[in-house]
Amino acid sequence: MIPDVKFYLSLFLRRIHYFLLVFLIIATTGVFLAVTLPKVYVAQARLLVESPQIPDDLAASTVRAESYELLRVIQQRLLTRANLLEIARTFNVYEDIGKMSADEIVNDMRNRTRIDIPDRMDRTGLIFISFEAPAAVTASQVANELMTQVLQQNVELRTEVTRQTLDFFENEVARLDSDLAAQGARILEFKLEHKDALPESLEYRRNRVSALQERILQINREFASLTERRARLSELFEQTGRVDLSEASLSPEQRLLRELQGELAAALVIYAPENPRITSLRSRIAALEERNRTGPDSGSSELVTAYDLQISDIDGQIAFLSEQKEQVEAEMKTLIASIDETPKNAITLGTLERTYENIRTQFNQATEGLSEARTGDRIEALSKGQRIVVIEPASVPESPAAPNRKLIAAAGVVGGMGGGLGLIVLMELLNRSIRRPVELTTALGSKPFMTLPYMTTPGQILKRRLTIAVILLIATISVPLVIYLVHSYVMPIDILMVKLRKMAGL
């Protein structure tokens, strides 16, 4: 065991220059970075998402999005290219900003900015906004600017949503009101155009048709009665030459003629037709009749006038009934046509009225929505809804948050030691030469008598040591110099490290 330890110790001492070379390069790099990396100050602002001051069951805001959703939108707005460039130029975040491209500025600003927002399950509502900068004042200024933009963006987003909602419902109410008026005008126009064939008057028109049918039957009965009366009157006048006039209206000759006719009728019952009395009565009657027919002062004209008056009156009544019957039939025909047209009108009117009711329902809903939108807009205008308040603005940090110089230097030293040892181990693993009697015995299968070590002169030893010392010195000086030149003339080390981390996927 002890010979093996001595052997490995001798190997390490033999290759210690490799160890020192790697150790010096890594350790020097770490120490140089610990010394030269710029200070990074972190300023942080804290905000809180407050619940609505007015309960939702009394008056609710029209902003239905969750707070974390709005905060996500705000976060994306803050990290836009234009906004980050404006902040970087306004607060002079970079001393050599003129030498940096816009993409480099934006990427570095996004890496320096941190916005921690609560998720859906987080009920604390705390928001943390932090920014890293080489100067403490710059870090606090940028963090406070981001905090101010968060507050402004929150107000703008919420008022924008409520304003859009209010505008939508105002336009919708105006549109539906116009549609409602237009549909009402169409219904009114249809009713005026078909006012005699509407469903609401159908029962009245049916009853009216029944009444008109009864009236036609009554007219027909009256017409038949008058026609029969006229025929009887004409027949009576043709047979008797008189009409049934009252005694007061007869002339003396007519009365005498009627008396003689009565006596003739009574005498014929008693006497034979050839009786002189009968003959005398007939002669007197014939003379009176002849006188009534031919005499200018006779009463025949009065009989004819009375007959004509009655016939004319009956004809007038018949004509009136005929005219009335035509009117009734025309009205009944019109009513029947309107009754036949009513079902079609009922379907059309029903469609128009259903459309009107649908529009009216939408109008009522839109009116309710408009009322809620106005309430929600008023709530957001007065900041009575959900809002973001500042708990603590970003203050100027007193000490830098990064880099941890001791840790970087220690990491460089430890990493150098590990790298040097790893190189030596790798070299020994790759070396297959025989260097010990045990290895020779294992390779040949026989034990050697003795082994002779390689002998070096003092000059060779001195030369080898001087060479190693020069190489170590060059490495110790060149590595910090290269890092300094890269940092000064190519790219700042902190930005280069960020890019290297991105390229490595860290």
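Me: Is Asn 92 buried or exposed?

Reply: Asn 92 counts as exposed, because its relative accessible area is 55% (buried is under 20%, exposed over 50%, partly exposed in between, with a 1.4 Å probe and protein chains only). Bear in mind that this is a predicted model: local features need pLDDT of at least 70, side-chain atom pairs need 80 or more, and totals for chains, interfaces and linings use all residues. Numbering starts from 1 along each chain as its sequence is written, and side-chain values use heavy atoms, without hydrogens or water.

Me: Ok, where is Asn 92 found?

Reply: Look in the loop between α4 and α5. Helices here are DSSP runs (H or I, at least four residues), strands are E runs of at least two, and both are numbered from the N terminus.

Me: Which residues of α4 are buried?

Reply: Helix α4 covers residues 81-90, and its buried ones are Asn 83, Leu 84, Leu 85, Ile 87 and Ala 88.

Me: How many salt bridges does the count come to?

Reply: The count is 14. One of them joins the side chains of Glu 392 and Arg 46, at 3.1 Å from N to O. Glu 392 belongs to strand β4 (residues 387-392) and Arg 46 to strand β1, so this pair ties together parts 346 residues apart in sequence. Glu 392 is partly exposed, with a relative accessible area of 37%, and Arg 46 is partly exposed at 31%.

Me: What does Arg 77 form a salt bridge with?

Reply: Glu 160, and there the closest N and O atoms are 4.0 Å apart. This pair links distant parts of the chain, because Arg 77 is in helix α3 and Glu 160 in helix α6, 83 residues apart. Arg 77 has 32% relative accessibility, so it counts as partly exposed; Glu 160 is partly exposed at 34%.

Me: New topic: how many aromatic pairs are there?

Reply: The structure holds 2. Phe 19 and Phe 23 are stacked, at 6.0 Å centre to centre with 10° between the planes (ring centres of Phe, Tyr or Trp, taking its six-membered ring, lie within 6.5 Å; planes under 30 degrees apart are stacked, over 60 edge-to-face, the rest tilted). Both lie in helix α2 (residues 16-36), 4 residues apart, or about one turn of the helix.

Me: Why does Phe 19 count as buried?

Reply: Because its relative accessible area is 11%.

Me: What about Phe 168 and Phe 169?

Reply: Their ring centres are 5.3 Å apart and their planes are at 75°, so that pair is edge-to-face. Phe 168 is partly exposed, at 47% relative accessibility.

Me: Last one: how many helices and strands are there in the protein?

Reply: There are 14 helices and 4 strands. Of the 506 residues, 31% are buried.
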